[in-house]
Amino acid sequence: MRYAFLLLVLLFGNLHAADRVRLTNGEWPPYLGESLPHHGVASRIVEEAFASQGITVQWEFHPWARSLKMAEQGLRDGSAVWLNNPQRQQHFHVSAPVVESGYYLFHRKDDAFDWSGIDDLRGLRIAGTRGYDYGDAFQRAEAAGDLEVMRLTSDEQGLGQLLAGRVDLFPVDKVVGFDLLYQHFSPAERRRLSFHAKPLRSDSLHLLLSREVPGNAELMARFNRGLEQLRASGKISQYLLEIQQPLSLY
């Protein structure tokens with residue numbers, strides 16, 4: 001009887017664990033944020049995709065590097081949301097795309113600007129946010145000293161430096177950039193800025209589940225099923241529309 005009781009405890013304990021997933025997160029409004037409604041639109045998509053499969057998400061918010069490391073080591077089940085690359089595939093099961101991200105070069109309207117390749121950015125003063133990857137060509141040119149890039153602590157600071165005339169260009173995810181401009185800058189300041197229609201980089205962002213956690217391969221399959229159902233319902237498109245500021249700086 002004792003062994004049967006222990007077996008039941010283990011069985012139901014595992015079922016309980018399978019119905020909850022512990023994920024790390026960070027601050028990147030309006031996609032992600034501890035104080036945002038639904039913890040941001042990307043968090044909402046992840047949570048509702050899991051919920052459709054009977055799984056509850058337990059969120060933890062940490063600095064980005066710590067969030068990734070905790071998930072990589074299996075201290076938490078996974079982390080949301082990240083770029084996909086070969087290095088991350090070694091440590092994580094990578095989901096289908098959760099949201100799409102497009103980085104654009106913002107500039108002041110009184111400075112005429114056009115570009116078609118990285119060479120066109122030489123000689124211009126560019127701000128960038130520390131730790132952000134702006135694409136292979138940009139990163140290589142920066143590392144080689146071919147681009148003058150001032151790395152700053154936040155996207156908000158980058159937009160401020162652009163408005164102050166201390167830099168000529170600032171690359172930022174367009175949705176994030178518009179959200180920052182509407183939340184932290186005046187209409188007069190917004191009217192002074194524009195962005196080039198050519199994206200610097202376009203990528204999909206993904207949920208990562210640690211390969212160190214047993215059962216995460218199956219958990220990812222369940223998540224992807226829920227994500228596809230949510231996308232087919234039209235809710236993902238609806239949620240993304242809800243968080244976008246007017247696509248004009250006027």
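**Entry 1: strands**

In which sense do strand β1 and strand β2 pair, and over how many bridges? I found that β1 (residues 20–25) and β2 (residues 56–61) run parallel, with six bridges between them. Two strands count as paired if DSSP finds at least two bridges between them. Helices (H or I, at least four residues) and strands (E, at least two) are DSSP runs numbered from the N terminus.

A note to myself on the source: this is a predicted model, where local features need pLDDT of at least 70, side-chain atom pairs count only at pLDDT 80 or more, and totals for chains, interfaces and linings use all residues. Residues are numbered from 1 along each chain as its sequence is written, and side-chain values use heavy atoms, with hydrogens and water left out.

Back to the strands: I looked up R20 and found T56 as its bridge partner in β2. From β1 the chain passes through α2 to reach β2, and this β-α-β crossover is right-handed. That term applies if, with the strands pointing away from the viewer, the path from the first strand over the helix to the second runs clockwise. β1 also runs parallel to strand β3 (residues 78–83), joined by two bridges. There, T24 has S79 in β3 as its bridge partner.

**Entry 2: nonpolar cores**

Next I checked the cores, meaning sets of buried Ala, Val, Leu, Ile, Met, Phe, Trp, Tyr and Cys residues joined through side-chain atoms within 4.5 Å. Buried is under 20% relative accessible area, exposed is over 50%, and partly exposed is in between (1.4 Å probe, protein chains only). The largest core has 60 residues, and V46, F50 and L121 touch the most other members. Helix α2 (residues 41–51) gives this core its largest share, six residues.

Contact here means heavy atoms within 4.5 Å. A second, separate core has five residues, among them L68, A71, W82 and F92.

**Entry 3: aromatic rings**

I counted ten aromatic pairs in the structure. Rings of Phe, Tyr and Trp (its six-membered ring) pair if their centres lie within 6.5 Å; planes under 30 degrees apart are stacked, over 60 edge-to-face, and the rest tilted.

I picked F106 and F178, an edge-to-face pair at 6.2 Å centre to centre with 70° between the planes. F106 lies in strand β5 (residues 99–108) and F178 in helix α7 (residues 174–184), 72 residues apart. Both residues, F106 and F178, are buried.

F178 also pairs with F195: the centres are 5.7 Å apart and the planes stand at 80°, so this pair is edge-to-face too. F195 sits in strand β9 (residues 193–210), 17 residues from F178.

Is F195 buried or partly exposed? I have it as partly exposed, because its relative accessible area is 24%, while F178 is buried at 2%. Beyond four places in sequence, F195 is in contact with Y104, L105, F106, H107, K174 and F178.

Elsewhere, Y103, Y132, Y134 and F138 form one aromatic cluster.

**Entry 4: charges over rings**

A charge sits over a ring if NZ of Lys or CZ of Arg is within 6 Å of the ring centre and within 35 degrees of the ring normal. I noted K174 over the face of Y104, 4.7 Å from the ring centre. The charged end of R44 sits over the ring of Y239, 3.7 Å from its centre.
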